[in-house]
Amino acid sequence: MNEWLVWLAMTSPAVGPAQTDTMPRRVAEAQIEAFNRRDLDGFMLLYAEDAVVAEFPSGKVLWQGKAAIRERYGSMFKAGNLPTVRVPSRVVDGVFVVDYEEWDAKPGEPGHATWMYEIRGGLIRRGWTVRM
């Protein structure tokens, strides 16, 4: 029944797919799009209230809860000079999405990162950044 309601909402001309698409791939795409627009509100709409962002493989928690994630990205967006992120490679396996991100960086600075997300019900529940 739940799948049928999602299908109905996504195909309804009154609502449209951009407003109701909860598929993990689309949520990951929307997050990158909002980041590149520096749209903090749009970016945060994609996170669950109790979302956790951690390092992988250590498991060290970087930010816990939507408020902490908002504070971190809000300060990044305000600071400016953020590069535009590209995702040349994305793997989706059920509720998990792995993005290899690239951006133009200054010499000596990293220009890539790997992020993994657990996306359920249209919201990012957990995110991990690979740090070796």
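Author: E118 is buried, with a relative accessible area of 14%, where buried means under 20%, exposed over 50% and partly exposed in between, computed with a 1.4 Å probe on protein chains only. This is a predicted model, in which local features need pLDDT of at least 70 and side-chain atom pairs count only at pLDDT 80 or more, while totals for chains, interfaces and linings use all residues. Residues are numbered from 1 along each chain as its sequence is written, and side-chain values use heavy atoms, with hydrogens and water left out.

E118 lies in strand β5; strands (E, at least two residues) and helices (H or I, at least four) are DSSP runs numbered from the N terminus. The side chain of E118 makes a polar contact with the side chain of R120 at 2.6 Å, a polar contact being a pair of N or O atoms within 3.5 Å of which, within protein, one must be able to donate a hydrogen and the other to accept it, and for residues adjacent in sequence both must be side-chain atoms. Neighbours within four places in sequence aside, E118 is in contact (heavy atoms within 4.5 Å) with V95, F96, L123, I124, R125, R126 and W128.

Strand β5 also gives the largest share of the lining of the largest pocket, five residues. A pocket is an open set of points on a 1 Å grid over the protein atoms alone, where a 1.4 Å probe fits, with protein on both sides within 12 Å along at least five of seven lines, and lining residues have an atom within 4 Å of a point. The volume of the largest pocket is about 730 Å³, and of the 28 residues that line the largest pocket, F35, M76, L82, W103 and A113 are the closest to its centre. Two or more lining residues come from each of α3, α5 (66-79), β4 (96-102), β5 (112-120) and β6 (123-130).

Leaving aside neighbours within four places in sequence, F35 is in contact with F43, Y73, M76, F77, L82, P83 and V85. F35 and Y73 are 38 residues apart in sequence, and their C-alpha atoms are 8.9 Å apart in space.

In helix α3 itself, the buried residues include P24, V27, A28 and I32, and the helix is followed by R38, whose phi is positive, near 60 degrees.

Note on methods: Points joined across faces, edges and corners; volume = space filled by probe spheres on them.
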